[in-house]
Amino acid sequence: MSPKREIPEGTPAGDLAVFLVGLTRGATVRALAERFGRSSSTWGNYLNGSQLIPRPLLGRLVEAYTPPGSARNVKAVRASELWSAADRERRSGPVALHPVPTERRDEALWQVVKYQALAANAEKHLAELRPMLAYTQSRLENARMRLRVADDRERVRVERQLGQAKERLGRVRVQQERARTRRLTAEEQQQFWTTEALSAQEEINRLEREARSLVVPVGPPDADGRSPRGADAAEGDEEADETTFDVRLEHIVAEGLEDEAVIEADIRFEADTRLESEVAVVGAAVPPVSNVPLDRAGVDGGGSRPMRPALPYRALRTIGGALGQPLVKARLHVIAALLCLGVVVIVYRAAEGVESGRGWSGVVLATLFGLPFLYGVLRFGAMPVRAARVSAVVLHLAWAVVLLLDALPWPTLTRR
């Protein structure tokens with residue numbers, strides 16, 4: 001048996017070894033050798049990262065130690081990525097590569113798997129609803145036939161059964177349409193996340209090509225690497241059939257609501273992400289205010305050129321918090337403008353009611369109290385300072401002239 005070695009941390013081979021140790025869940029090298037072949041020392045080298053495990057053998061391990069379903073698909077994708085990275089390191093030599101943004105691709109692949117399961121669940125619901133729809137239609141036709149041939153004593157009971165059959169038929173059709181809608185939505189989301197995974201893979205390939213151009217091969221590569229079933233209509237007693245029918249229909253409604261909640265949450269998250277991306281693009285077009293500490297931090301050690309900052313995948317989510325403050329400020333501005341406008345109307349109406357001094361008292365009162373609020377209303381309306389001052393004075397003068405003219409003793413015209 002080979003001597004124990006520490007797993008090299010921070011390297012692709014070490015990451016693959018940690019993945020193998022977690023996958024086998026503490027199985028001994030002797031048990032692995034007896035089950036999958038090869039010697040115990042070879043398995044020890046596989047588990048400590050000193051030797052690259054063959055790719056077919058890695059696939060057998062994933063199938064043996066992972067339950068079937070979406071979890072196995074995610075595990076297989078992760079194992080393939082780790083094996084590819086370790087194989088590139090073994091072929092090219094121990095060269096530090098640029099970090100590859102695999103988080104975005106992993107999330108996209110997980111979304112693809114999730115929506116595949118949602119589409120399969122919707123398809124299962126459709127398969128179960130088809131015979132239920134046929135069964136309900138047959139019951140409806142049977143009730144109609146019995147209604148035609150029934151006498152007066154049975155007519156009331158048959159009409160009640162006919163109404164229940166119609167109500168069930170409507171519920172089944174509604175759930176069938178909703179299941180069909182969920183399937184279409186799940187397929188659209190699956191196509192979207194597949195495109196996202198392909199985009200992430202292209203970005204990863206581009207970064208790998210850039211990193212590979214910096215690698216100096218140390219020698220030729222080694223030669224030992226490898227590189228739904230439908231538900232049958234219930235038979236038996238009529239009351240038992242209806243009870244089973246209602247229970248199954250309620251179960252389908254509950255599952256459909258859960259799937260619709262998942263789809264709606266993902267669609268809302270996708271729309272928020274697109275809106276935040278557009279806001280980030282618009283904000284990037286505006287030149288930022290100069291900040292000496294930040295400007296110095298963006299220059300490399302030599303001070304010759306600015307460094308390109310890293311943009312994490314989830315950094316766009318922080319923009320949503322910054323958008324709340326401008327919206328609150330805008331609401332406060334609108335409320336303040338409405339309050340100032342109300343004060344202006346009250347002051348000017350009170351000034352018009354002052355009759356002493358032939359209107360001069362009203363003009364003085366409106367100038368002292370109404371003119372500042374009028375200027376404030378124009379400023380809250382996003383009018384520049386100079387334009388707001390001129391507009392406020394002109395409007396106030398026009399009102400004062402009209403008030404003084406109205407206070408003059410005009411002769412009264414009488415109609416003959």
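Buried means under 20% relative accessible area, exposed means over 50%, and partly exposed lies in between, with a 1.4 Å probe and protein chains only. This is a predicted model, in which local features need pLDDT of at least 70, side-chain atom pairs count only at pLDDT 80 or more, and totals for chains, interfaces and linings use all residues. Residues are numbered from 1 along each chain as its sequence is written, and side-chain values use heavy atoms, with hydrogens and water left out.

**Figure 1**
Helices (H or I, at least four residues) and strands (E, at least two) are DSSP runs, numbered from the N terminus. Along the sequence the pattern reads α-α-α-α-α-α-α-α-α-α-α-α. Of the 416 residues in the chain, 29% are buried. Accessible areas come from the Shrake-Rupley method with a 1.4 Å probe; for residues, only the protein chains shown count as cover.

**Figure 2. Trp43 sits in helix α3 (residues 40–48).**
Trp43 counts as buried because its relative accessibility is 1%. Contact means heavy atoms within 4.5 Å. Leaving aside neighbours within four places in sequence, Trp43 is in contact with Val29, Leu32, Ala33, Phe36, Gly37, Arg38, Ile53, Leu57 and Leu61. Take Ile53: it lies ten residues from Trp43 along the chain, and the two C-alpha atoms are separated by 8.5 Å. Now look at Gly37. Its backbone oxygen lies 2.8 Å from a polar atom of the Trp43 side chain.

**Figure 3. Five aromatic pairs are found in a search of the whole structure.**
In the pair of Trp43 and Tyr46, the centres are 5.5 Å apart and the planes are 85 degrees apart, an edge-to-face arrangement. Rings of Phe, Tyr and Trp (its six-membered ring) pair if their centres lie within 6.5 Å; planes under 30 degrees apart count as stacked, over 60 as edge-to-face and the rest as tilted. Trp43 and Tyr46 both lie in helix α3, three residues apart, or about one turn of the helix. Both residues are buried. Phe36, Trp43, Tyr46 and Tyr65 form one aromatic cluster.

**Figure 4. Tyr348 and Trp399 pair edge-to-face, because their ring planes stand at 85 degrees with the centres 4.6 Å apart.**
Tyr348 lies in helix α10 (residues 319–353) and Trp399 in helix α12, so the pair ties together parts that are 51 residues apart in sequence. Tyr348 is buried, at a relative accessible area of 9%. Trp399 is also buried, at 14% relative accessibility.

**Figure 5. Arg168 and Asp246 join their side chains in a salt bridge.**
A salt bridge is a side-chain nitrogen of Lys or Arg within 4 Å of a carboxyl oxygen of Asp or Glu. By this rule the count comes to 14 salt bridges. Between Arg168 and Asp246, the N to O distance is 3.2 Å. Arg168 is buried, at a relative accessible area of 13%. Asp246 counts as partly exposed, at 22% relative accessibility.

**Figure 6. Glu177 and Arg180 form a salt bridge, at 2.9 Å from N to O.**
Both residues lie in helix α7 (residues 152–212), three residues apart, about one turn of the helix. Glu177 counts as partly exposed, with 44% relative accessibility. Arg180 is partly exposed too, with a relative accessible area of 30%.

**Figure 7. Helix α8 (residues 238–285) holds Asp266.**
Asp266 is buried, at a relative accessible area of 14%. Beyond its neighbours within four places in sequence, Asp266 is in contact with Gln111, Lys114 and Tyr115. Helix α8 also contains Glu264 and Arg268, four residues apart, about one turn of the helix. These two form a salt bridge, with the closest N and O atoms 3.1 Å apart. Glu264 is partly exposed at 48% relative accessibility, and Arg268 is partly exposed at 45%.

**Figure 8. Val401, Leu405, Leu408 and Trp410 form a nonpolar patch on the surface.**
Together they have about 390 Å² of accessible area. Patches are made of residues with over 30% relative accessible area and no salt bridge: like charges are joined within 9 Å, nonpolar side chains (Val, Leu, Ile, Met, Phe, Trp, Tyr) within 5 Å. Trp410 is found in the segment after α12 (385–407). At 56% relative accessibility, Trp410 is exposed.

Key:
Polar contact = N/O pair within 3.5 Å; in protein donor to acceptor, adjacent residues only side chain to side chain.
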